[in-house]
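Please look through the sequence and the 3D view before reading the points below.

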Amino acid sequence: MDALGDYVWPRATSELILLPVTGLECVGDRLLAGEGPDVLVYSLDLGGHLRMMKRVQNLLGHYLIHGFRVRPEPNGDDSEAMVAVFGSKGLRIVKISWGQSRFRELWRSGLWNMSDWIWDVRWLEGNVALALGHNSVVLYDPVIGCMLQDVPCTDRCTLSSACLIGDTWKELTIVAGAVSNQLLVWYPAAALVDNKPVAPDRRVSGHVGVIFSMSYLESKGLLATASEDRSVRIWKVGDLRVPGGRVQNIGHCFGHSARVWQVKLLENYLISAGEDCVCLVWSHEGEILQAFRGHQGRGIRAIAAHERQAWVITGGDDSGIRLWHLVGRGYPGLGVSALCFKSPSRPGTLKAVTLAGSWRLLAVTDTGALYLYDLEVKCWEQLLEDKHFQSYCLLEAAPGPEGFGLCAMANGEGCVKVVPINTPTAAVDQVLFHGKVHSLSWALRGYEELLLLASGPGGVVTCLEISAAPSGKAIFVKERCQYLLPPSKQRWHTCSAFLPPGDFLVCGDRRGSVLLFPSRPGLLKDSGVGGKAIAEAPMGGSGNGNAVAGWGPVSTLHSLHGKQGVTSVTCHGGYVYTTGRDGTYYQLFVQGGQLQPVLRQKSCRGMNWVAGLRMVPDGSMVILGFHANEFVVWSPRSHEKLHIINCGGGHRSWAFSDTEAAMAFAYLKDGDVMLYRALGGCTRPHVILREGLHGREITCVKRVGTITLGPEFEVPSFEQPDYLEPGNEGPSLTDIVITCSEDTTVCVLALPTATGSAHALTAICNHISSVRAVAVWGIGTPGGPQDPRPGLTAHVVSAGGRAEMHCFSIMVTPDPSTPSHLACHVMHLSSHRLDEYWDRQRNRHRMVKVDPETRYMSLAVCELDRAGLGPIVAAACSDGAVRLFLLQDSGRILQLLAETFHHKRCVLKVHSFTHETPNQRRRLLLCSAATDGSIAFWDLTTVLDRGSTILEPPVHPGFPYQLGTPCLTLQAHSCGVNSLHTLPTYEGHHLVASGSEDGSLHLFKLAVEMPELEDAVGEAELVPQLHVLEEYSVPCAHAAHVTGLKILSTSLMVSASIDQRLTFWRLGHGEPTFMNSTVYHVPDVADMDCWPVSPEFGHRCALGGQGLEVYNWYD
């Protein structure tokens, strides 16, 4: 009985799954989604309240759900439904009800295991017909689980898809997609005549690749097929239930850039989706009507349609589910249209264009004429003409709400003209410089203050204060002050904005610098505020050589955006956001009158010209920029292009405007004004039912800490109290977990213990290649140990391909306005690349350059106890080195300290641990493991001691130190070590466990002994002696690579493998003893992390691979 108890305990249960969505089906106004073996039920309420109703866990056992088939109800009642859920070789029938907006499961059958893969299911008068993988059809009674008929085809080939047609067994037709790239049409009921295999009635050829999906539209007699050859074909087949019909190919559609996984025929449309993450909407004639882009990763696996509401729902490999509006509904774009400027009554050539709101457009010609185009009236109107603005003219419209009604013009003679759009005769001219006006920009502070900044020769920026008369028919222009830009070759400003509450102006210049100026220098000087930071200095700035006095910047970030210049400045939520033509955008913070960089982010791949940034109503931001010859509105939150306009590039005159009503983008092309409009502003043209996580495999999972939220921050749950699983009634705890992926992003997740859900707090996109490892240190609270407010702070180091490493800090705080009730703030601290390190060396022509394709495979943080010395980051490298990096100034300085090529082959894992004994110094130890199965141990305390000779000096100046030889090297495995962990024992020893590529486990007890001190001299050179006391091996612990391993206590260990088994082992009685194993559903698990949550909730375990799964168990 004791042995049985040991076998059962502990038993892990799945709490959360984020896997590719492989099945979708609309049932009335509900959506069924298959994710692994789980079913997600969404309510598609017509009022727009889209929400998840229920997650049915483990419905299909260890099979992945591939589809749903709903039995038609004769009375048309959609409050209940009988659904056949199938996938792989599994089938289960479920009767469900969602009356009164609540999901209930009324009945379910057993899980029936078929002998072959199930490609399609069809309801036939209470029974179900199954199309199996080797071209046979089975008639099944779902209530008693009895097979009634089993009819094979004479052509017993392997199928890649199948479609069943008909409502009775007598008229049942199967269209099978064979591996020979043919369509086989045959009738199972024909076997009733002679009880023999049925021969195909028709063979249809056309595709040159495997057929992955097919769809039949009975009302029009059409069949659509999707294939590996990247094409979709439309066939005129008539009524397939009648034998001997003619098949005609009427459409051959090429629009996808990769394999096409899914196809669906609707009454007026054809929907296809594939490996290129694009969902295309076609007409039945083969014309592309819409293209839906937004999913990341390896493709869209499932599609569904709600024809009455004209909705298309897609599920991707990134675990995301999105709802799209077909043409004529939702947020349609009005497309690009020419405004027909060319006319004999409008002489001259267009020089510049700008937008005043989203419904008024201004354009100026080389004759000095200013024109207005009203999008409601749809006609051109000349406002004024001034010959002084003929050859050179700048044009900028004032920001603000619709109808604000001001624009500014500037010429090459130092003149600026401010024009009221509604009363152009009241325009005001100001001569500011003796030379060319290089740039204009507006700065608006609410409805209280409006400034116009003009840059002239010598870096002088004149600030004009604009005000309106009470009648509104006249304006007043007054020069407030002059600013001076830092010296540079191209010395003019490019953008400006008020910093709330309005005491400072933030400007960007053509040199790429971000500058902070006082908005009212005189008041600040009189009040003594910022007097030390602001200085008035006469400098040569005007064209006639006279000295000009101006105010210098309070704070400057030189060349923040490189040499191409700053393109926009935006202030929001206490932060300053800047964009530039270097393809990046920065988040800045002003503290004590000084600009401080917080975060640097890259935009989408290929967008090297970031033109601006906008905040949208849902709290997120969108990035505006140019991708080659296209203007793109990109969402960093969902990593998708919301709008794409083929404008020809950003070097021509263009303007952008965004309001809640509409988004507008105008540009000059072929001598005319082109305008793109989209209703709904910059918001997404679709609805995200569930955000995707990562587009590629998760390579590392690391838990940061736990936040306890009070009742006022209660996280909403989609499950009713009587549906909560055991353990979900635990405390209001939220685990913060960091994941990194092959898609080059690092994601911060919130995993509440009470809801079984996951919320992506932020994504960090600084890496240029895959992110392989992450390490965390310095975990604390935002206000320090004495502050009781909930929150979490930590320092994080991430590393991966191209020998790139980044250090940043995160701060997670409560925020009731977000779905997770948490907000994450990220501050980028430092970065390091081996290429940059070697290129900076003076004698690099004498050195051998490090392989630029070196990858960091694993990281370990070693926190030292020496004052003034930051933590050490140990990195396992693919070029055979173990490298030590020193972090200083709270992570703002990251430098390579030492390295060793002891392993002489790819190092897969590093792990650090400490050894503490009474009356002795705390020792910091590091272990590393390589592809040859060896594990080496290093004493970092001795290495880093002052005066130590273990660190060998570099061979050449500028090279890192050499780490020397390890204290101990063990041959634990015959091949690569993929997992490594240690745990101290009560006796002062250490348990060391490792898992290998051959599926074996190795466990040994390590003793650390210090030599006796005969005298105090030479203490720094004392090297501990490491001995193995006990050693055990489990040769066939798993059937594949062991990629996750954790020693939970001296009596319990857990391991995870690519064989998709989470296994518990009992320790302390010699060789590790198998206790029990749980099958999880994440393929190709690359990493695992386990942690205790609370006595009420037990332990949690996160597994990352091609998806994410969270388990929990009780002690």
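Trp119 counts as partly exposed, because its relative accessibility is 27%; here buried means under 20% relative accessible area, exposed over 50%, and partly exposed in between, with a 1.4 Å probe and protein chains only. The model is predicted, so local features need pLDDT of at least 70 and side-chain atom pairs count only at pLDDT 80 or more, while totals for chains, interfaces and linings use all residues. Residues are numbered from 1 along each chain as its sequence is written, and side-chain values use heavy atoms, with hydrogens and water left out.

**Aromatic pairs**

- The whole structure holds 22 aromatic pairs, where rings of Phe, Tyr and Trp (its six-membered ring) pair if their centres lie within 6.5 Å, and planes under 30 degrees apart count as stacked, over 60 as edge-to-face and the rest as tilted.
- One of these is the tilted pair of Trp117 and Trp119, with 6.0 Å centre to centre and 45° between the planes.
- Trp117 is partly exposed, at 32% relative accessibility.
- Phe626 and Phe631 make an edge-to-face pair, 5.3 Å centre to centre with 65° between the planes.
- Both Phe626 and Phe631 are buried.
- Phe626 and Phe631 belong to one aromatic cluster with Trp609, Trp654, Phe656, Phe665 and Tyr667.

**Charges over rings**

- Arg71 lies over the face of Trp123, 5.5 Å from the ring centre; a charge sits over a ring if NZ of Lys or CZ of Arg is within 6 Å of the ring centre and within 35 degrees of the ring normal.
- Arg346 is placed over the face of Phe341, at 5.4 Å from the ring centre.

**Salt bridges**

- Side chains of opposite charge can pair when their charged atoms come close.
- The count of salt bridges is 35, each being a side-chain nitrogen of Lys or Arg within 4 Å of a carboxyl oxygen of Asp or Glu.
- Asp386 and Lys417 form a salt bridge whose closest N and O atoms are 3.2 Å apart.
- Asp386 lies in the loop between β34 (379-385) and β35 (394-397) and Lys417 in strand β37 (residues 415-420), so this pair ties together parts 31 residues apart in sequence; strands (E, at least two residues) and helices (H or I, at least four) are DSSP runs numbered from the N terminus.
- Asp386 is buried at 13% relative accessibility, and Lys417 is buried at 7%.
- Arg480 bridges to Glu465, with the closest N and O atoms 3.2 Å apart.
- This pair links distant parts of the chain, with Arg480 in strand β42 (residues 475-484) and Glu465 in strand β41 (residues 460-468), 15 residues apart.
- Arg480 is buried at 18% relative accessibility, whereas Glu465 is partly exposed at 25%.
- A network of salt bridges links Arg480 and Glu465 with Arg445, Glu448, Glu449 and Arg520.
- In the salt bridge of Asp939 with Arg923, the closest N and O atoms are 2.7 Å apart.
- Asp939 is buried at 3% relative accessibility, and Arg923 is buried at 5%.

**Nonpolar surface patch**

- Leu106, Trp107, Val143 and Ile144 form a nonpolar patch on the surface, with about 380 Å² of accessible area together.
- Patches are made of residues with over 30% relative accessible area and no salt bridge, with like charges joined within 9 Å and nonpolar side chains (Val, Leu, Ile, Met, Phe, Trp, Tyr) within 5 Å.
- Accessible areas come from the Shrake-Rupley method with a 1.4 Å probe, and for residues only the protein chains shown count as cover.
- Val143 sits in the loop between β13 (136-141) and β14 (146-152) and is exposed, with a relative accessible area of 57%.
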